[in-house]
Amino acid sequence: MEAKFFRFLKIVGVGFKARAESEGRMLYLKLGYSHEVELSVPPAVRVFCFKPNIVCCTGLDKQRVHQFAAAVRSCKPPEPYKGKGIMYTDEVIKKKQGKKSK
């Protein structure tokens with residue numbers, strides 16, 4: 001399968017990891033929950049993990065690749081206070097100011 005469309009996801013957070021198994025058909029995410037999140041990859045999409053915190057979704061159909069990447073991102077969307085979570089590599093998170101101390 002020749003990959004035409006790519007979507008890179010970056011996982012930010014202490015202890016947050018991803019791993020792909022069975023030729024890119026299953027994606028396992030450790031996101032700070034009590035369990036590991038398992039995602040089955042659709043047939044038209046492949047998943048690779050270059051590092052434990054970089055995930056690449058690739059395939060021939062742009063809509064399916066981006067939809068699966070959005071499903072992965074929705075498991076732990078980036079939060080605006082510390083910036084932890086799953087974000088696209090080209091995404092910029094605008095951070096909010098925390099509580100002000102007196």
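Modeller: Buried means under 20% relative accessible area, exposed means over 50%, and partly exposed lies in between (1.4 Å probe, protein chains only). This model is predicted: local features need pLDDT of at least 70, side-chain atom pairs count only at pLDDT 80 or more, and totals for chains, interfaces and linings use all residues. Residues are numbered from 1 along each chain as its sequence is written, and side-chain values use heavy atoms, leaving out hydrogens and water.

Colleague: Is Cys56 buried or exposed?

Modeller: Look at its relative accessibility, which is 2%. That value is under 20%. Cys56 therefore counts as buried.

Colleague: Which residue in S7 is the bridge partner of Leu9?

Modeller: Two strands pair if DSSP finds at least two bridges between them. Strand S1 (residues 5-12) and S7 pair in the antiparallel sense, over four bridges. In S7, the partner of Leu9 is Tyr88.

Colleague: Which residue's backbone oxygen lies 3.2 Å from a polar side-chain atom of Thr58?

Modeller: Thr58 sits in strand S6 (residues 54-59). It is buried, with a relative accessible area of 2%. The backbone oxygen at 3.2 Å is that of Phe5.

Colleague: What is the C-alpha distance between Val65 and Val45?

Modeller: Val65 is in helix H1 (residues 62-73), and it is buried, at 0% relative accessible area. Beyond its neighbours within four places in sequence, its contacts (heavy atoms within 4.5 Å) include Phe5, Val45 and Thr58. Val65 and Val45 are 20 residues apart in sequence, yet their C-alpha distance is 6.0 Å.

Colleague: What is phi of Ser22 near?

Modeller: Ser22 lies in the loop between strand S2 (17-21) and strand S3 (26-30). It is partly exposed, at 41% relative accessibility. Its phi is positive, in a residue other than glycine, and near 50 degrees.

Colleague: How many salt bridges does the structure hold?

Modeller: A salt bridge puts a side-chain nitrogen of Lys or Arg within 4 Å of a carboxyl oxygen of Asp or Glu. The total is five.

Colleague: Which residue meets Asp90 in a salt bridge?

Modeller: Asp90 is exposed, at 59% relative accessibility. Its partner meets it at 4.0 Å, N to O, and is Arg7. The pair links distant parts of the chain, 83 residues apart: Asp90 in the segment after S7, and, in strand S1, Arg7.

Colleague: How far apart in sequence are the parts tied by Glu36 and Arg19?

Modeller: Their side chains meet in a salt bridge of 2.9 Å, N to O. Glu36 is in the loop between S3 and strand S4 (37-40), and Arg19 is in strand S2, so the pair ties parts separated by 17 residues.

Colleague: Which residue forms a salt bridge with Arg73?

Modeller: The closest N and O atoms are 2.6 Å apart, and the partner of Arg73 is Glu91. Arg73 lies in helix H1 and its partner in the segment after S7, so parts 18 residues apart in sequence are tied together. Arg73 is partly exposed, at 22%. Also partly exposed, at 23%, is Glu91.

Conventions
Helices (H or I, at least four residues) and strands (E, at least two) are DSSP runs, numbered from the N terminus. A polar contact is a pair of N or O atoms within 3.5 Å; within protein, one must be able to donate a hydrogen and the other to accept it, and residues adjacent in sequence count only if both atoms are side-chain atoms.
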